[in-house]
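User: Could you please take me through this structure? I would like to begin with the overall picture and then turn to details.

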Amino acid sequence: MEHRFLGKTGLRVSRLCFGTLTLSPLQAALPPEEGAELLSEAYSYGINFWDTAELYANYETLRLAIKKIGELPVLATKTYAYTREDARASLEKARRELDLDLIPIFLLHEQESALTLQGHKDALDFFCEAKARGVIRAVGFSCHTVAAARAATQFEEIDVIHPIVNYKGIGIKDGTVDEMLEAIDRAAAAGIGVYGMKPLGGGHLLADVEKAIHFVKGIEQLDSFAIGIASSEELEADLHYLRGTKPPPAIAEKLAVKKRRLQIEDWCAGCGTCVQSCPQGALSLKDTAGQYRAAVDVSRCILCGYCGASCPEFCLKIF
Ligand code: SF4
Ligand code: SF4
């Protein structure tokens, strides 16, 4: 496994980052012990970089994996906090539930532009102070927009960004893949660590994983890229594609026919909460035989599963 420094953070990360959203209750919902086993297996192949978020509700899985491995991986988590109080609560929750004194990377979740970053300045300042105290090693944000990636260099506090990037530009909300690459280039040139999000388009590019991984691997400015992994077979296939070799045909065929989709259960009460939570504007309420229910525009949905966390009736799940 190739390792690179993540910008100027001093953190040395595997080129392949384990995206743990797939393990979480929002997606495959692996039991914590099973998820920890998979993280530990990946670690044995040199994958020492894990991406999570408070929203994913999977700190227990990561805690068990860290215990199993006996070492601290480079772990990045994210929060929607924008006040100092919320930022403090997020940091303390991560430290408590992961049983760690130090959280390597803390990110502001889903930033959209310089304006939203400015709106989160209190949280950002809190995380920078925590970094000065040695409780965090690096601070940054994740984003689905070119505008936010471009804004990274305007904030000297930003050490790391985690922008969405894949060869089809799936999920980039305000521009093209070329524009995102230009923003990534600018951030990397400024010494900001960059690790890509959703190189497989949230599952839309599963039919051509080889091409999708080859694309992100070829972006020199990406120190790493996070791929969601939910099974040993997916791990094996991703490692092959990363090395430029082919996985065993049985595994490749099985994964190529795998389709992921958002399931909306029949008992949806039509409250509309999920519509507000979707970062892609993919959900709406539709009149179905006299009753309003959530409906998804599959062309906009990136299968992140974030809407699942907002539904009070537990109606939304990625399968
Ligand atoms: S509909 Fe749900 S899974 Fe699809 S992009 Fe929106 S939040 Fe993500
Ligand atoms: S939040 Fe849940 S119950 Fe409400 S509209 Fe969405 S899917 Fe239906």
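This is a predicted model: local features need pLDDT of at least 70, side-chain atom pairs count only at pLDDT 80 or more; totals for chains, interfaces and linings use all residues.

User: What does the secondary structure of the protein chain come to?

Analyst: The protein chain has twelve helices and 14 strands. Its radius of gyration is 19 Å, close to the 20 Å that the globule rule gives for 319 residues, so the chain is as compact as a globular protein of that length.

User: And what does the C-alpha trace span along its principal axes?

Analyst: The C-alpha trace of the protein chain spans about 60 × 50 × 40 Å along those axes.

User: Let us move to the ligands. Which residues come nearest to ligand 1?

Analyst: There are 13 residues around ligand 1, and those that come nearest are Cys278, Ala282, Cys301, Cys304 and Cys307. Sorted by class, this shell has eleven nonpolar, two polar and no charged residues.

User: Which ones come nearest to ligand 2?

Analyst: Around ligand 2 there are 14 residues, of which Cys268, Cys271, Cys274, Ala294 and Cys311 come nearest. The shell around ligand 2 has nine nonpolar, four polar and one charged residues.

User: Now to the helices. How does one describe two packed helices in general?

Analyst: One gives the angle between their axes and the distance between the axes.

User: At what angle do helix 3 and helix 5 cross, then?

Analyst: The axes of helix 3, residues 84–98, and helix 5, residues 121–132, cross at roughly 45° and come within 7 Å. Helix 3 and helix 5 are therefore oblique to each other.

User: Is that crossing left-handed or right-handed?

Analyst: The crossing of helix 3 and helix 5 is right-handed.

User: Which residues meet there?

Analyst: From helix 3, Arg84, Asp86, Ala87, Arg88 and Leu91 meet Asp122, Ala123, Phe126, Phe127 and Ala130 of helix 5. This contact of helix 3 with helix 5 has six nonpolar, no polar and four charged residues.

User: What about helix 9 and helix 10: at what angle do they pack?

Analyst: Helix 9, residues 232–243, packs with helix 10, residues 249–256, at an angle of about 110°, and their axes are 10 Å apart. Helix 9 and helix 10 are therefore roughly perpendicular to each other.

User: Which residues make that contact?

Analyst: Helix 9 contributes Glu233, Glu234, Glu236 and Ala237, while helix 10 contributes Ile251, Ala252, Lys254 and Leu255. By class, the contact of helix 9 with helix 10 has four nonpolar, no polar and four charged residues.

Terms used:
Residues are numbered from 1 along each chain as its sequence is written. Chains are lettered from A and ligands numbered from 1 in the order in which they are written. Axes are lines fitted to C-alpha atoms, for helices over the stretch in contact, and angles run from 0 to 180 degrees between N-to-C directions. Helices (H or I, at least four residues) and strands (E, at least two) are DSSP runs, numbered from the N terminus. Angles under 35 degrees count as roughly parallel, over 145 as roughly antiparallel, 65 to 115 as roughly perpendicular and the rest as oblique. A crossing is left-handed if the near helix is turned anticlockwise from the far one by less than a right angle, and right-handed if clockwise. Two residues are in contact if their C-beta atoms, placed from the backbone, lie within 7 Å. Ala, Val, Leu, Ile, Met, Phe, Trp, Tyr, Cys and Pro count as nonpolar, Asp, Glu, Lys and Arg as charged, and the others, Gly among them, as polar. A residue is near a molecule or strand if its C-beta atom, placed from the backbone, lies within 6 Å of it. The radius of gyration is taken over C-alpha atoms; the globule rule is 2.2 Å times the number of residues to the power 0.38.
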